[in-house]
Each structure stands twice: as structure tokens, then as C-alpha cells.
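Biologist: I would like a close look at a single part of this model. Please take me through it step by step.

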Amino acid sequence: MQRSLKDYLIIVTKGLAMGAADVIPGVSGGTIAFISGIYEELIATINKLDLSFFSVWKKEGFLTSWRAYNLSFLSVLFTGIAISILSLAKIIKWLLHNEPLLLWAFFFGLVLASILYIGKQITVWRPKVFMGIVLAAVVSYFITIAEPIASPESLWYLMLCGFIAIIAMILPGVSGAFILLILGAYQTFINILNQLREGLLQMDLALLWHAIYKIIIIAIGAIAGLKLFSKVLNWMFKNHKNTILAILTGFMMGSLNKLWPWKKVLSWRTDSEGLKVPFIEQSIMPSEFDGDPRIIWVLLFMVIGFLLILILERLAVKKVN
């Protein structure tokens with residue numbers, strides 16, 4: 001497919017929007033791809049890409065292979081995604097340290113609306129569907145209150161997070177950032193992205209390598225998860241869609257405890273930058289919060305997050321029609 005410079009600038013813009021969605025829990029980059037009209041081409045391009053790329057390269061040359069696998073589209077799109085993720089990572093890090101109440105309120109609203117969005121797609125309400133919602137909600141809730149089995153920055157735990165978070169690339173409507181948040185590794189991933197950005201900007205090879213080797217560890221876990229579970233999950237989604245949607249709905253319901261803005265810190269840990277950050281937290285009522293609960297502002301940002309999902313859903317429906 002021949003594209004002009006204008007076409008590629010539009011693709012970069014769509015990549016920027018997808019990257020922004022991938023950083024925010026509750027919003028799926030796949031949803032943005034669908035709304036912007038590139039979802040089918042993206043999936044087809046990724047599915048086509050395999051080791052035969054090198055065979056074509058050897059026989060017909062690099063440029064022929066590059067065009068045959070539509071890699072101009074893929075590389076430009078991923079450039080936009082990468083720029084957006086690295087740019088937003090710094091903003092979110094600042095918000096986590098300076099405006100945590102408002103940030104968690106926004107995320108709470110996003111996931112609350114996502115529960116309704118996913119739940120509405122369940123077409124048949126059978127006993128096993130209700131059971132799936134309840135069991136998933138209970139399991140998810142206990143995950144949010146359990147003491148972490150390891151530091152979110154340990155290498156094997158990063159690999160495990162990559163292994164589990166890959167589900168966001170397989171099942172429609174699931175945010176990878178949301179999965180990382182439930183696993184307690186969201187802030188760690190944001191810090192890694194910031195290290196990568198700072199390393200590139202400052203040409204600090206030590207900082208750059210520190211970020212890259214962690215990203216490689218995460219990628220190994222993600223690839224392993226993709227290889228082991230992609231076919232199983234796709235089969236279940238095609239043949240047991242209502243059950244999968246019920247489990248996702250329940251999982252997100254139970255996770256709301258993790259996103260509740262008002263928290264009491266029970267224990268602390270020191271992150272890789274030497275900063276003291278919360279390790280174990282407990283959800284509390286606004287009246288018990290140590291400091292200004294900012295109830296009006298928190299509720300406002302919950303509503304903003306909730307409405308954002310509804311707007312994206314409405315745009316997706318219009319796209320289908």
C-alpha cells in the first residue's frame with residue numbers, strides 16, 4: 001500500500017493516542033485503534049509477521065521484504081506509541097508523587113465505567129456467568145489486600161508481570177496498565193519508562209542499560225505468556241465469550257479496592273531511586289484520611305474518568321454503525 005507523508009503523520013497521531021491509552025489503567029489501546037480505523041490492519045500486519053520475513057529478505061532484498069510485511073505502517077505507528085508512553089510516564093510519575101488522590105480518583109472512574117462497558121457485552125446471564133463474576137471479584141479483591149510476594153522491582157517479578165499482563169494484548173477491552181496496577185507493578189513500570197527516557201535524553205549509558213535490561217526481562221515474560229496462552233485464550237473467547245466477559249467484569253469489580261483514592265499506608269519500601277514509597281496500603285473512608293480528603297475534587301475526577309470511557313464507547317459504536 002502506497003502512502004503519502006500526510007498518511008504517515010496521521011498514523012503517528014493515532015499511535016500517540018494509543019500510547020496514551022496504554023499508559024492509563026482502564027483504557028485499552030486496542031479500543032483507540034478500533035475507533036481510529038486501523039485495528040484490522042494492525043492485527044493483520046502483526047499476524048503476518050513471522051520468521052519468513054528473513055527468507056523474503058534473503059531472496060528478494062530487504063526493501064521488498066519490508067514492503068511485503070507492511071513494516072512502514074507498523075514502525076511509524078509504534079514510534080507514535082513509544083513517544084506518547086515515554087512522554088506521559090513523566091507526567092504520571094509527577095502525579096503519583098504530588099497528586100495521588102486525584103490520579104487514583106481518575107483511574108477509579110475509568111475502571112468503574114469499564115466494568116459497565118465489559119458487563120454490557122454479556123449476552124446470556126446463566127448461573128455460571130454469575131458465579132464467574134462473584135469468584136473473579138473475590139479473587140481480585142484478595143489480590144489487592146494480599147502482601148506482595150516480592151518487591152515490584154525484582155527481576156523475576158517483573159517477568160511474571162510481563163507474563164500475566166500479555167492478556168491485555170489477547171483479550172479485547174482489557175488494559176495492560178490495569179493488569180500491572182493490580183499486580184502492584186504499575187508505578188515500577190512507569191519508573192522504568194522514565195529511566196529509559198532520561199537515559200536517551202541525557203545519553204547516560206548506565207541509566208539507559210538499567211532500563212533496557214529490565215524491559216528485556218519484561219518482554220521475555222510477555223513472549224512466554226503469549227506463546228503459552230494466546231491460542232487457549234482466543235479459543236475460550238470464541239467459544240465461551242460470556243464466561244470470559246463475566247470473569248473480566250468480576251476481576252475489575254474486585255480491583256476497585258486497589259484504586260480507591262483514600263488510603264492508609266501500613267508499610268513502606270525504598271524504590272530503585274532511593275525514594276520512600278508505600279508498600280502495603282489499606283482503603284479507608286475520607287473522614288479517616290490523614291490530611292485533606294479533597295472530596296469534591298476526587299469526585300470530580302472520578303466523573304471525568306467515568307465519562308471518558310462512555311465517550312470512547314460511543315465513538316466505537318458509531319464506528320461500527
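Predicted model: local features only at pLDDT ≥ 70, side-chain atom pairs only at ≥ 80, totals over all residues.

Is T249 buried or exposed?

Modeller: T249 is buried, because its relative accessible area is 4% and the cut-off for buried is under 20%. T249 sits in helix α14, which covers residues 241-259. Setting aside neighbours within four places in sequence, T249 touches I115, I118, G119 and I122.

Now look at the helix itself. Two packed helices are described by the angle between their axes and the distance between the axes. Take α14 with helix α8, residues 127-145. Their axes come within 7 Å and cross at roughly 30°. Angles under 35 degrees count as roughly parallel, so α8 is roughly parallel to α14. The crossing of α8 past α14 is right-handed.

Which residues make this contact? From α8 they include G132, I133, A136 and A137. From α14 they include A246, I247, G250 and F251. Sorted by class, the contact of α8 with α14 has 11 nonpolar, 9 polar and 2 charged residues.

For another pair, turn to helix α6 (residues 71-98) and helix α12 (residues 186-202). Here the axes come within 9 Å and cross at roughly 125°. That angle makes α6 oblique to α12. The crossing is left-handed. In α6, I85, L86 and A89 are among the residues that meet α12. On the α12 side, the residues include Y186, I190 and L193. By class, this contact has 9 nonpolar, 4 polar and 4 charged residues.

Notes. Residues numbered from 1 in each chain as written. Heavy atoms only, no water. Helix = DSSP H or I, 4+ residues; strand = E, 2+ residues; numbered from the N terminus. Buried < 20%, exposed > 50% of the residue type's maximum accessible area, 1.4 Å probe, protein only. Contact = heavy atoms within 4.5 Å. Axes fitted to C-alpha atoms, helices over the stretch in contact; angles between N-to-C directions. Parallel < 35°, antiparallel > 145°, perpendicular 65-115°, else oblique. Left-handed = near helix turned anticlockwise from the far one by under 90°. Nonpolar A, V, L, I, M, F, W, Y, C, P; charged D, E, K, R; others polar.
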